[in-house]
Structure formats: structure tokens, C-alpha cells
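Dear colleague,

Please find below the structure that I am passing on to you. My notes on it follow directly after.

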Amino acid sequence: MVKLLYKILNIIANSRVKIKRWYYIIQGAQIDNSTYISPQAYIDTHKPGKVIIGRNCYITRNVVILCHSDTKRGGPLGIWNEGQEKRMVGNVRIGDNVFIGVNSVIMPGVNIGDNVIVGALSLVINDIPEGKIVVGVPTKVIGETIEHS
């Protein structure tokens with residue numbers, strides 16, 4: 001009985017992951033089938049920005065990937081500069097074999113190269129070259145993935 005219940009719960013959990021991936025794809029994101037996206041992750045699919053995620057990536061719990069933001073304006077009302085600053089919009093590209101740690105945020109316009117590790121609780125505001133390990137707010141390079149293969 002316990003094994004049957006475990007199998008049913010496993011099927012439900014796997015279905016949530018697949019449904020969420022297809023939802024993002026229908027909304028315009030490009031996500032390879034081999035990529036895992038946690039059901040608790042959020043991918044911004046509002047136009048005009050676009051999110052492209054490569055092969056064999058692991059997007060963990062509570063990761064946020066944005067293709068637009070109003071942070072420089074002071075929100076929709078533009079309270080910091082009386083509406084002079086425009087909304088940040090940009091495509092996000094994540095290469096192959098990328099791991100993004102828990103509670104990290106990827107800002108609009110960022111390109112992440114292949115074979116990259118983004119540590120937990122990181123804020124990615126700039127491009128990350130291939131083969132790097134980054135952590136922090138904002139992220140800084142602390143190593144290379146070649147050292148860990």
C-alpha cells in the first residue's frame with residue numbers, strides 16, 4: 001500500500017513539473033526538454049522580453065527569471081524619477097548545463113554561458129561567461145566549473 005501511494009505521489013509531482021514547463025513554452029519561453037524547472041520557480045513570460053533556456057539545466061526552488069522590471073522607475077508609478085526612466089526589458093539566455101541555486105534572481109537582458117553554476121541567493125545583473133561559478137548580490141566569479149569536473 002505504501003509503495004502504491006509513493007508511486008501515485010511521484011506521478012503527481014512529475015506531472016506538475018511537466019505542466020509548468022509546457023505552460024512557460026506556450027507563453028513564449030524556449031526550454032529544452034532535458035531541463036528541470038522546480039514547480040516553485042518563476043519565469044517571466046510577459047512580452048516583449050523572451051526567456052531561452054538550454055539543455056540539461058537545473059532551475060531550483062524559488063528561482064526568479066525576469067525579462068522585464070520596473071525597479072529603476074520606482075514601480076509602475078515611477079515615484080523615484082517622476083516616470084522619466086523606462087521599464088527594463090531584455091531577453092534572458094541561459095546556456096547548456098547550467099545550475100541556478102535556490103532563491104536566485106536573474107535580471108532582464110542577462111546571458112548565462114554554458115557550464116555555469118549560480119550559487120544560492122544570488123542576484124545576476126550582468127552576463128556570466130562560460131564555465132564560471134558565481135555567487136553573491138550582485139554575483140561575482142569565485143571559480144571555474146572545469147575545476148570541479
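Four strands form an open sheet in the order S3-S6-S11-S14, with parallel pairing; strands are DSSP runs of E with at least two residues, helices are runs of H or I with at least four, and both are numbered from the N terminus. Strand S3 (42-43) and strand S14 (123-124) are at the edges with a single partner strand each, so one side of each has no neighbour in the sheet. Two strands count as paired if DSSP finds at least two bridges between them. S3 pairs with strand S6 (residues 64-65) in the parallel sense over 2 bridges, and Ile43 stands opposite Ile65 in S6.

Please note that this is a predicted model, in which local features need pLDDT of at least 70 and side-chain atom pairs count only at pLDDT 80 or more, while totals for chains, interfaces and linings use all residues. Residues are numbered from 1 along each chain as its sequence is written, and side-chain values use heavy atoms, with hydrogens and water left out.

The protein chain has 1 helix and 16 strands. Of its 149 residues, 40% count as buried; buried means under 20% relative accessible area, exposed over 50%, and partly exposed in between (1.4 Å probe, protein chains only).

His68 is found in strand S7 (residues 68-69). With a relative accessible area of 18%, His68 is buried. Its side chain is joined to that of Asp44 by a polar contact of 2.5 Å; a polar contact is a pair of N or O atoms within 3.5 Å, where within protein one must be able to donate a hydrogen and the other to accept it, and residues adjacent in sequence count only if both atoms are side-chain atoms. Leaving aside residues up to four places away in sequence, His68 also touches others, including His46, Arg87 and Pro108, where contact means heavy atoms within 4.5 Å.

Some backbone features deserve mention. Most residues other than glycine have a negative phi, and most peptide bonds are trans. Asn56, in the loop between strand S4 (51-53) and strand S5 (58-59), has a positive phi near 55 degrees. Asn62, in the loop between S5 and S6, has a positive phi near 65 degrees. Asn56 counts as partly exposed at 48% relative accessibility, and Asn62 counts as partly exposed at 34%. The peptide bond from Val137 to Pro138 is cis, with omega near -10 degrees; Pro138 lies in the loop between strand S15 (132-135) and strand S16 (140-144).

With kind regards
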